[in-house]
Amino acid sequence: MDIIKKLKKMKVKRVFIQYPEGLKLRIQQISKKIESEGIETIICCEPTYGACDLRDEEAKRLGCDLILHIGHCDFGIKSKIPVVYWDYFFDVDPLPILKKEIKKLKKFRKIGLVTSLQFVKTIEKVKEYLENHGKEIYVNKSLKYLGQILGCDVRAAKKIEDDVDCFLCIGAGKFYGLGLLLGTDKPIFSLDLERGMIKDLNKLKRKTQKIIAWNKSCLEESKRIGILISWKKGQFKSPFKLKKKLEGEGKEVYILAMDEITPEKIEGLKLECLISLACPRIGIDDLNRYKIPVINFGSI
Ligand code: SF4
């Protein structure tokens with residue numbers, strides 16, 4: 001593994017490993033491989049959804065001299081110890097799924113392709129297959145790789161939105177595809193390599209957009225507001241200006257800080273509405289889990 005050569009060259013003694021959930025089945029094997037080269041490892045068992053979550057203070061406290069951040073690209077966050085970002089790719093053949101499922105795209109000729117870091121190697125094969133079947137394909141490079149998007153950065157889609165009839169998001173599950181509703185209004189399909197299908201996300205998109213609009217409309221009437229902030233290094237934004245503004249409108253405001261934001265942590269607090277200043281996916285993916293409206297600051 002090139003990454004182990006890199007760690008050895010850096011004379012690392014103990015590594016703190018952060019990784020996405022999708023790599024859980026492989027993480028023990030990765031850890032043992034690193035240890036077989038004489039480097040100690042500690043596996044971070046707190047969920048790591050992106051490079052916005054950099055646990056340098058925890059790693060340092062545990063005597064680690066480096067963080068190995070697997071499956072995420074550098075977010076530009078300053079760290080107290082060195083960080084190696086490992087662009088971990090999954091090698092999945094999309095052709096059997098495309099052959100079986102391409103009919104679901106028959107209404108669309110111009111297709112925009114996007115994907116997450118793990119599947120960027122698949123994009124060329126998908127592009128070639130679709131072009132050979134009469135489609136016009138658009139792909140943009142806004143992050144490190146062609147077509148790459150993050151859960152909170154869909155610039156690669158935004159830049160080609162006017163050219164395409166729909167988007168096809170290559171990946172596993174609906175997370176990245178649904179994120180496109182943050183910045184585009186075209187129909188969304190996901191090429192789900194895990195489940196072996198092309199899934200139409202448009203019904204879910206419309207339902208989510210309705211909930212987002214309803215939640216926003218609740219803000220004006222709400223008297224008691226909670227501002228959600230996370231102390232994850234890449235998610236923190238100061239809440240005080242927003243608090244002052246809302247108080248100026250006559251509202252009672254509380255700043256609620258936590259690591260990962262979950263509905264259970266605010267249960268029992270007397271609030272009517274929540275505004276999240278942390279990961280913008282909080283006001284998209286988990287809406288059904290909250291008992292009161294939750295709104296992303298970016299959307300108000
Ligand atoms: S802010 Fe949210 S969507 Fe963006 S990288 Fe972090 S966890 Fe992912």
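Visitor: What makes two strands count as paired here?

Guide: Two strands pair if DSSP finds at least two bridges between them. This is a predicted model. In it, 5 strands form an open sheet in the order β6-β5-β7-β8-β9, with mixed pairing.

Visitor: Why do β6 and β9 stand at the edges?

Guide: β6 (136-138) and β9 (197-200) each have a single partner strand, so one side of each lacks a neighbour in the sheet. Neighbouring strands are turned by 30° against each other on average, direction ignored.

Visitor: How do you know that β5 and β6 are joined?

Guide: There are 3 bridges between β5 (residues 110-115) and β6, and the cut-off is at least two, so the two strands count as paired. They run parallel. Lysine 110 stands opposite glutamate 136 in β6.

Visitor: Why is β8 called largely enclosed?

Guide: A residue is buried if 20 or more other C-beta atoms lie within 10 Å of its own. In β8, 5 of the 5 residues are buried, so the strand is largely enclosed by the rest of the structure. Both faces are covered: Ile188, Ser190 and Asp192 are buried on one side, Phe189 and Leu191 on the other.

Conventions. Residues are numbered from 1 along each chain as its sequence is written. This is a predicted model: local features need pLDDT of at least 70, side-chain atom pairs count only at pLDDT 80 or more; totals for chains, interfaces and linings use all residues. Helices (H or I, at least four residues) and strands (E, at least two) are DSSP runs, numbered from the N terminus. Axes are lines fitted to C-alpha atoms, for helices over the stretch in contact, and angles run from 0 to 180 degrees between N-to-C directions. A residue is buried if 20 or more other C-beta atoms lie within 10 Å of its own, exposed if 12 or fewer, and partly exposed in between; C-beta atoms are placed from the backbone.
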